[in-house]
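Here are my notes on the model you sent over. Have it open while you go through the points.

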Number of protein chains: 2
Amino acid sequence: MSETQIVEVPLGERSYDIIIGAQALAGAGGEISRRMPGIRCAVVTDETVASFHLETLIHSLDAAGIEAHPLVLKPGEKTKDFDNLMTVVDHVLSCRLERGDAVLALGGGVIGDLAGFAAGIVRRGMRFIQVPTSLLAQVDSSVGGKTGINSRHGKNLVGVFHQPDLVLADTAVLDTLSDREFRAGYAEVAKYGLIDKPEFFAWLERNWRQMFSGGPERVQAIAVSCRAKASVVAADEREGGVRALLNLGHTFGHALEAATEFDSRRLVHGEGVAIGMVLAHRFSAWLNLASYDDADRVERHLKDVGLPTRLSDIEGGLPATDILLEHIAQDKKVKRGKLTFILTRGIGQSFIADDVPGEEVHRFLEETRSS
Amino acid sequence: MSETQIVEVPLGERSYDIIIGAQALAGAGGEISRRMPGIRCAVVTDETVASFHLETLIHSLDAAGIEAHPLVLKPGEKTKDFDNLMTVVDHVLSCRLERGDAVLALGGGVIGDLAGFAAGIVRRGMRFIQVPTSLLAQVDSSVGGKTGINSRHGKNLVGVFHQPDLVLADTAVLDTLSDREFRAGYAEVAKYGLIDKPEFFAWLERNWRQMFSGGPERVQAIAVSCRAKASVVAADEREGGVRALLNLGHTFGHALEAATEFDSRRLVHGEGVAIGMVLAHRFSAWLNLASYDDADRVERHLKDVGLPTRLSDIEGGLPATDILLEHIAQDKKVKRGKLTFILTRGIGQSFIADDVPGEEVHRFLEETRSS
Ligand SMILES: NC(=O)c1ccc[n+]([C@@H]2O[C@H](COP(=O)([O-])OP(=O)(O)OC[C@H]3O[C@@H](n4cnc5c(N)ncnc54)[C@H](O)[C@@H]3O)[C@@H](O)[C@H]2O)c1
Ligand SMILES: NC(=O)c1ccc[n+]([C@@H]2O[C@H](COP(=O)([O-])OP(=O)(O)OC[C@H]3O[C@@H](n4cnc5c(N)ncnc54)[C@H](O)[C@@H]3O)[C@@H](O)[C@H]2O)c1
Ligand SMILES: [Zn+2]
Ligand SMILES: [Zn+2]
């Protein structure tokens with residue numbers, strides 16, 4: 001368990017390291033002061049994460065002589081809004097931090113996206129350190145520099161690209177994460193297999209239990225995931241091309257999150273992605289691009305793990321298909337009216353289709369819902 | 001007057017043109033549709049500018065078949081705040097504009113900074129077209145990609161770098177600008193001479209009347225100014241080095257704006273800059289770096305033009321020097337505690353001094369105020 005892996009995200013002068021291991025939190029102060037001497041930090045976190053891990057972090061920063069100004073926000077997706085953005089920005093400015101100082105995000109993807117956005121706009125860009133504490137944040141949101149908040153028009157519609165200077169992924173902090181949140185993050189891990197790593201997907205089918213319980217398989221799965229995302233991001237930093245592959249399951253997933261009004265009691269991001277990935281495989285089969293067997297295999301594994309895989313798994317029902325489609329069309333991945341979807345030819349064989357007609361999606365969803 | 005000059009801002013793949021001439025507004029639709037076929041626009045403007053020029057612009061866009069969605073805000077510096085940012089962002093999203101569509105700013109620096117910031121964060125960056133209508137916006141704020149809003153902690157503390165795709169500077173629209181605003185913008189024109197173009201400053205001393213009345217001298221002075229700013233920006237896009245020279249007069253100027261609570265009845269930006277430039281020359285002389293003669297010559301010219309040049313020219317008085325210094329220290333141009341100032345060895349011989357002790361500034365201000 002003391003094994004540490006370092007993944008470099010190669011982005012020229014914006015390159016940075018992701019340090020993955022069970023001691024990353026306690027070692028944060030030393031690591032940061034060694035790499036960025038003299039730095040001061042605003043530490044942004046949420047109440048839940050603070051209750052478990054803030055003390056360890058502050059203690060570590062203190063011991064390294066790093067001035068830290070914590071700000072504790074309410075947990076949950078609703079925190080990613082304009083009001084909280086203003087609160088973080090105002091906090092950072094009140095602490096009189098300068099351009100070379102940092103905003104440090106201690107939390108899941110919500111805190112990371114929000115704090116990263118603030119770091120990207122205060123003084124037109126400050127340093128940014130990610131200490132992701134959810135599995136989803138460790139394997140996904142803390143890699144790639146996307147930051148942002150939600151709008152009433154949809155998720156993540158407002159934000160900037162702002163790369164972190166350092167990511168510290170402590171694999172042991174995941175032990176305090178609820179099973180539900182761990183599983184939700186796992187959907188993103190499985191995603192990397194489904195995009196273009198069939199052997200990783202097969203490895204996960206065999207090893208997911210060990211990974212869940214925290215063995216070296218956990219560090220390994222997280223490192224493979226970060227490396228997978230880093231290589232796509234490096235090839236396409238601003239999402240003009242291949243980076244879209246990372247949206248496998250996300251066009252459907254985001255629409256489901258919007259349809260459930262971002263209410264995390266009903267659906268969290270990774271659950272939407274799990275259902276979305278199964279839908280993407282079924283839709284591909286429905287379009288005669290892939291086999292239903294592969295869709296079944298994906299569904300079986302995600303179900304084994306305990307993830308929802310069907311629209312009917314969402315409690316409280318969904319709005320009419322027209323409304324779902326509207327959520328899909330307002331999604332960022334729309335290009336001049338045509339719908340862009342990530343489809344697949346089978347497990348690990350995904351591709352970008354940027355001319356999917358809305359009616360096909362509509363018919364597919366209608367049939368799926370009535371079956 | 002039908003003369004048109006084009007200044008290219010050379011920033012690699014973010015390069016763009018500034019078109020300067022008396023027909024730019026009426027020709028906007030043709031120019032935009034030729035360069036960006038199929039584009040749609042959110043047009044952000046303020047009530048004053050709208051009353052004079054919105055119809056001409058909309059008519060021109062219409063004639064070129066460009067869908068345009070106007071949003072008219074209150075005029076004034078106070079509009080550069082979080083609330084209006086939210087309003088613009090929401091407007092753009094409500095119009096369902098996509099990443100390849102544009103936010104078009106029709107107005108002065110306030111509208112340009114605010115709309116540009118919105119363009120930089122909606123969908124993590126949309127296209128941005130500047131149609132600057134104040135002299136200050138034409139020669140300064142529309143060149144260089146700085147966008148942002150104010151905070152209670154200071155001016156422009158929140159924003160992003162987001163380059164426009166096109167700038168259309170119509171020199172005839174300046175005829176509806178108040179004399180006071182025209183003079184304020186002129187301070188920035190004079191600034192380019194004072195930074196490193198002594199012969200341009202001398203040309204202005206001879207030709208400023210013609211420039212004010214709108215002859216070909218106006219197009220000429222604006223083109224020289226844009227070219228001056230463009231070349232500094234090209235050398236230093238993200239303000240790590242020489243770009244700081246553009247802050248000549250601004251560290252004092254921003255502090256004065258903050259001290260007068262951004263109340264444009266008392267002080268507008270360019271007026272703060274005019275006083276700030278005289279102070280920068282006097283401070284340089286006080287530090288034995290330059291001659292008092294040069295400071296006198298700068299003051300004389302700015303006074304001829306009708307600009308305020310002294311702290312005592314500001315109506316309603318100023319807070320204590322300690323408070324002024326606090327505003328200076330909170331200014332973005334602070335680096336790890338030391339004060340960065342643009343000082344000068346004489347007209348057209350400015351340089352960056354990044355280790356000016358706060359006490360020196362304090363003593364200088366105290367002496368200046370009591371003299
Ligand atoms: N920027 C990107 O590239 C990117 C990529 C994917 C997802 N996202 C965003 O990430 C968000 C989802 O991330 P998330 O699932 O981490 O959400 P989250 O931040 O809300 O965390 C989920 C829940 O787990 C709690 N939690 C986090 N770490 C914990 C720990 N160690 N122990 C106990 N509880 C803990 C949080 O308090 C929260 O209640 C969404 O907003 C999504 O849009 C962003
Ligand atoms: N982004 C940058 O690089 C940069 C550089 C310099 C200044 N700025 C910002 O620019 C702002 C100041 O710009 P400004 O002086 O243009 O302010 P402004 O936008 O408030 O315009 C000044 C006034 O003139 C009016 N006006 C504008 N054009 C007019 C016209 N053609 N006819 C009649 N009235 C007109 C406006 O309604 C306003 O009342 C400040 O907020 C400053 O921070 C930004
Ligand atoms: Zn995701
Ligand atoms: Zn200025």
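This is a predicted model: local features need pLDDT of at least 70, side-chain atom pairs count only at pLDDT 80 or more; totals for chains, interfaces and linings use all residues.

1. E188(A) sits in helix 6 (residues 179-196) of chain A and H250(A) in helix 9 (residues 250-259), 62 residues apart, so the pair links distant parts of the chain. Helices are DSSP runs of H or I with at least four residues, strands runs of E with at least two, numbered from the N terminus.

2. Are E188(A) and H250(A) buried or exposed? Both are buried, that is, under 20% relative accessible area (1.4 Å probe, protein chains only).

3. UniProt, in an unreviewed entry, lists residues 72-183 of chain A as "domain: 3-dehydroquinate synthase N-terminal"; such annotations may be inferred rather than shown by experiment. That stretch is 34% helix and 24% strand, with its end C-alpha atoms 25 Å apart.

4. On confidence, chain A averages a pLDDT of 93, and 97% of the residues score at least 70; pLDDT is the predictor's confidence in each residue, from 0 to 100. The model's ipTM is 0.88 and its pTM 0.91.

5. Bookkeeping: residues are numbered from 1 along each chain as its sequence is written, with chains lettered from A and ligands numbered from 1 in the order written. Local features need pLDDT of at least 70, side-chain atom pairs count only at 80 or more, totals for chains, interfaces and linings use all residues, and side-chain values use heavy atoms, leaving out hydrogens and water.

Definitions and conventions
Buried means under 20% relative accessible area, exposed over 50%, partly exposed in between (1.4 Å probe, protein chains only).
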